[in-house]
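User: Hi! Please take me through this structure, one question at a time.

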Amino acid sequence: MVGLPGSPEQIQAVSAELVRHAAAVDEAQSTAKGAQPEVWRGAAADAYTEAVHRTLPDAVALAERIRAAGGTLSRYAAALDEAQRAYEHAQIGFDRAVNAIRRNPLDVGALLDIGATRMAAFGAQGRAQQAAAIAASELRMAAGGVAKDGSWWNPFSWGDDDDETVPDKRVTDNITDDDSFDPDDVSQGSIGDCFMLSSVVSLLDTDGGDEFIQDNVRWDEDKDGYWVTIYKNGSPTDVFVENVFDHGARQSDADDGGWWIFGGDGEKPSIAALYESAIREEYGYDFIEGGVPADAMEIITGRQVDEIKNDNHAGLSTSQIESLGDVLADGGQVVISSPRSGDHTIDVTGPDGESREIDIVNTHSYAVTRVESNGDMWMRNPWGPGNSADGGGEFRVSADDVGDMFWRATSTNVTD
């Protein structure tokens, strides 16, 4: 399968530039309207006043068209980003299924997964096409033209009515089985919430964090759902969760217990999926579709959260890396932020001592598990097992690479 083209970041940058231009036009028209000294009289003053009255409506309309174009590009960037994430998730599932078929050509589940992931990829392509058609039509209107038919071919149009911002898959009581607390098994879905999942993974990686989650996620047998405790300004809030997102976080190394009978990826929702639904209930879907690790960590833990970062997104210093090692040694949790742009392929080492080449994902959050005395850092990608960037699991990044690329770290300690 071929990835979806386009750069949401660059599109958002153009959108922001258009919004700034609209503000500049607003300021110019305001200045022109007010630049009429009371002592100014005569034909020149009359001509100026007439010109202002004649041109200001056009200036107002121009500012609105520019602002509308900026809004269109912003919405298109968000839709494209979501489609690319969904496509990438489908690609990960497809690759995993292909590898399973190579190991066992008679693996019926893997054969079904291949079909399901291809359908998911086509669906993502269709959503990207639809967003592009709508954006093109709106831009034509902003430029003073006439909107054209934004029709596009959607081979899976029966899913168009689904609202992906609403969790609609019933939970089961096996989400918190004994095998559900392995940090290596959390797999991010197509929701852009790595900033939140990385906090869950960092908690699962520590004994204190494990115990914390078990205390804060509780099955209610009478109501057939979970009570999830999150925190608002440090105060606990219990949220009842009976549905999770079908495109949300999953437990990758698990029997689905019948979660998907057909057309799914054969993986049950992970504990992180319960947090996705609980946070969405209190803060809305937009909050979990891309945010700041410090906000998510504070909401999940209710503890004091510390954030260190350098100006201009420069890498962390040696002393900052050492301080993160102290937090982890004390049983705390750490999330680290990757570069905002560029291609970053590095060599890392796995727990088995084997070296491999991986890609560091831009604008992404990783859970940090430990820091060596020399500054080397062990971390996990919340994309989970078999992902296309690093394959999943814990890996060791050299101190030099950490200092070159990772620019922000967020930490807390639920045992304090």
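Analyst: Happy to. Helices (H or I, at least four residues) and strands (E, at least two) are DSSP runs, numbered from the N terminus. This is a predicted model, in which local features need pLDDT of at least 70 and side-chain atom pairs count only at pLDDT 80 or more, while totals for chains, interfaces and linings use all residues. Residues are numbered from 1 along each chain as its sequence is written, and side-chain values use heavy atoms, with hydrogens and water left out.

User: Where is Ser-270, and is Ser-270 buried or exposed?

Analyst: Ser-270 sits in the loop between strand S8 (268-269) and H6. Buried means under 20% relative accessible area, exposed over 50%, and partly exposed in between, with a 1.4 Å probe and protein chains only. The relative accessible area of Ser-270 is 2%, so this residue is buried.

User: Which backbone nitrogen lies 3.1 Å from a polar side-chain atom of Ser-270?

Analyst: A polar contact is a pair of N or O atoms within 3.5 Å; within protein, one must be able to donate a hydrogen and the other to accept it, and residues adjacent in sequence count only if both atoms are side-chain atoms. Contact in general means heavy atoms within 4.5 Å, and beyond its neighbours within four places in sequence Ser-270 is in contact with Ile-175, Val-186, Ala-249, Arg-250 and Gln-251. The backbone nitrogen at 3.1 Å belongs to Ala-272.

User: How are H4 and H5 oriented to each other?

Analyst: Axes are lines fitted to C-alpha atoms, for helices over the stretch in contact, with angles from 0 to 180 degrees between N-to-C directions. The axes of H4 (residues 194-204) and H5 (residues 207-216) come within 6 Å and cross at roughly 115 degrees. The contact is made by Val-200, Leu-203 and Leu-204 of H4 with Gly-209, Asp-210, Phe-212 and Ile-213 of H5. Angles under 35 degrees count as roughly parallel, over 145 as roughly antiparallel, 65 to 115 as roughly perpendicular and the rest as oblique, so H4 and H5 are roughly perpendicular.

User: How far apart in space are Val-335 and Thr-410?

Analyst: Val-335 belongs to strand S10 (residues 333-337) and is buried, at 0% relative accessibility. Its contacts, not counting residues up to four places away in sequence, include Ser-198, Met-297, Tyr-366 and Thr-410. Val-335 and Thr-410 are 75 residues apart in sequence, while their C-alpha to C-alpha distance is 5.2 Å.

User: What is the phi of Asn-233?

Analyst: Asn-233 lies in the loop between S4 and S5. At 77% relative accessibility, Asn-233 is exposed. Although Asn-233 is not a glycine, its phi is positive, at about 55 degrees.

User: Where does Thr-363 lie?

Analyst: Thr-363 also has a positive phi, near 50 degrees, in a residue other than glycine. Its 43% relative accessibility makes Thr-363 partly exposed. Thr-363 lies in the loop between strand S12 (355-359) and strand S13 (365-371).
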